[in-house]
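Biologist: Please take a close look at the cavities in this structure. What lines them?

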Amino acid sequence: MKKNICKQAAAVILSAAIIFGTAGCGDAGRANETSETESTSEYEETERVLVNHMTEKELAAAEKTEFMLLDKPWESIQTSESYQASESDASEDYSDIKDKILYCEGIGAIVHCEPVFNALPPKGYDGGAGTTYFGHFDSSTNDNTYEEISFDNLEDAKKVLRKEYDEEIANGYPKVPADDNYELLIALYGAVVSGNYEEIDQAFLDEYLEYYYGTNGGVVQDSDSMYWEMDDEKVAAIKDNISEYHLYDEELDIRFVVHVTTPPDYDKERKYPALVMTDAVWRFNDVTALYGAMAEGKAEPQILITIGFAYDIDSWDNEVRGNILCDHKKEFLDFITDNMMPYLNGEYGFDYDKSTLFGHSQGGVFTHYAAFNYDRYENQPFKNYIIGSPTFWTPYFTDVSDYEDYKKEYGYFERNSTYDRNLFIAAGDMEDEDYEEYYGDNDSTLEGVEHLTGRLDKQGVTTYKVKIYQSHHYQYVPDLMMEYLTKTF
């Protein structure tokens, strides 16, 4: 659950017991939901072949395409046939405001179709001195904390507001959306000073917001909400090693974009470990950094695989993510285990004894599920699992039908007498205060980690390691990934 973190929380100290755990480090292949047979689930070190359980429809839809990520396909959605259809089907048509600045004084504005509410120009602002309130997002309350700011004139206002947005960025707010919000706000200030705007009433603003956040289906919503975090130059530098696949899953009725990055000096005749990462929208900075570590000889080569939603889906949306990572985690694991990995193995070939599945936040909820349900599958492509900041408390998880089962590791130890996979469990020591408003009677993130390790200890599991980073919810992830890659392989 990626959100801006503005206030610096005091460090949360876990009990010494969990700072470091003992280190170790209709298809036949679908999860068997009814089997109660106990087994030792011994991990065989012999070469295994994954069985591809893709349906005819899935196989027909699967395709390897040109590498489109750098072209930012989400920016061209509005020119697509599906966009035109959604626009014609929309109950309202706001296409005529794309080039306009609409202002409801003191309440909010719509700048080129984007809502703007933060640091609005003072009433009757004429370009001179003024005072406004800048809202810094507070993830613990899912609201803004407001700070009064003053400026001498319009040019000074630009500098002061720039400083405020730089603070947002420094505290984890994504650079491009923050920069765009700044540009929208400055455009609003300029329009108010020049009078080059149209007045609207609150009823129109409310009507538009209902449309914008509810029914527009991306018709006029700006593509920044679909932005994939990455350094374009760094990605371009390794693009010859990146292949793009579009894979449809019939169970979920959704299309995924999968990127496969081969290591430097890739040898097709060699088998490499796979490091599979969920939430591809946030992983490409990790991909380029990990590739660099391999190129510098700091890590053994492996194949990096990122799983993202199709480009026309907002991958930042926690409801979208929660639907797959929490509510339909079984079907998503089916897709990875029985569709994606066998399909890709046909081209690459993987060393399953060293392969890893990674997920963070709601993705951590998912990798926890995957780590304790692998035994239900004929295909078992992963020996290692990274569980990053599992948000067992998120509403997108607490509302699912099998929520309580996570506290029993989904019955794994009822089916098996030993655990033979490696777990790397991580979190940030400052993240509990970031989301404390959401916990209710549920464990916070750090409490969830502590209770998980306690249960593993009780079951005699020794193949896990825990590390609590000095960090908020997600800022530690690049360090985690680099440390894991350089020290594990």
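**Cavities and their linings**

Modeller: The second largest cavity holds about 40 Å³ of space. A cavity here is a set of points, on a 1 Å grid over the protein atoms alone, where a 1.4 Å probe fits but cannot get out, and lining residues have an atom within 4 Å of a point. Points are joined across faces, edges and corners, and a volume is the space filled by probe spheres set on them. This is a predicted model, in which local features need pLDDT of at least 70 and side-chain atom pairs count only at pLDDT 80 or more, while totals for chains, interfaces and linings use all residues. Residues are numbered from 1 along each chain as its sequence is written, and side-chain values use heavy atoms, with hydrogens and water left out.

Around the second largest cavity stand Leu333, Thr337, Ala370, Tyr374, Tyr377, Asn379, Gln380, Pro381, Phe382 and Tyr385. Seven of these lining residues are nonpolar, three are polar and none is charged. In this scheme Ala, Val, Leu, Ile, Met, Phe, Trp, Tyr, Cys and Pro are nonpolar, Asp, Glu, Lys and Arg are charged, and the others, Gly among them, are polar.

The largest cavity has a volume of about 90 Å³. Its lining includes Phe256, Asp279, Ile307, Phe309 and Phe332. By class, the lining of the largest cavity has seven nonpolar residues, three polar and one charged. Strand β11 (residues 303-309) gives the largest share of that lining, three residues; strands are DSSP runs of E, at least two residues long, numbered from the N terminus.

Terms used
1 Å grid on protein atoms, 1.4 Å probe; cavity = no way out; pocket = protein on both sides within 12 Å on 5 of 7 lines; lining within 4 Å. Helix = DSSP H or I, 4+ residues; strand = E, 2+ residues; numbered from the N terminus.
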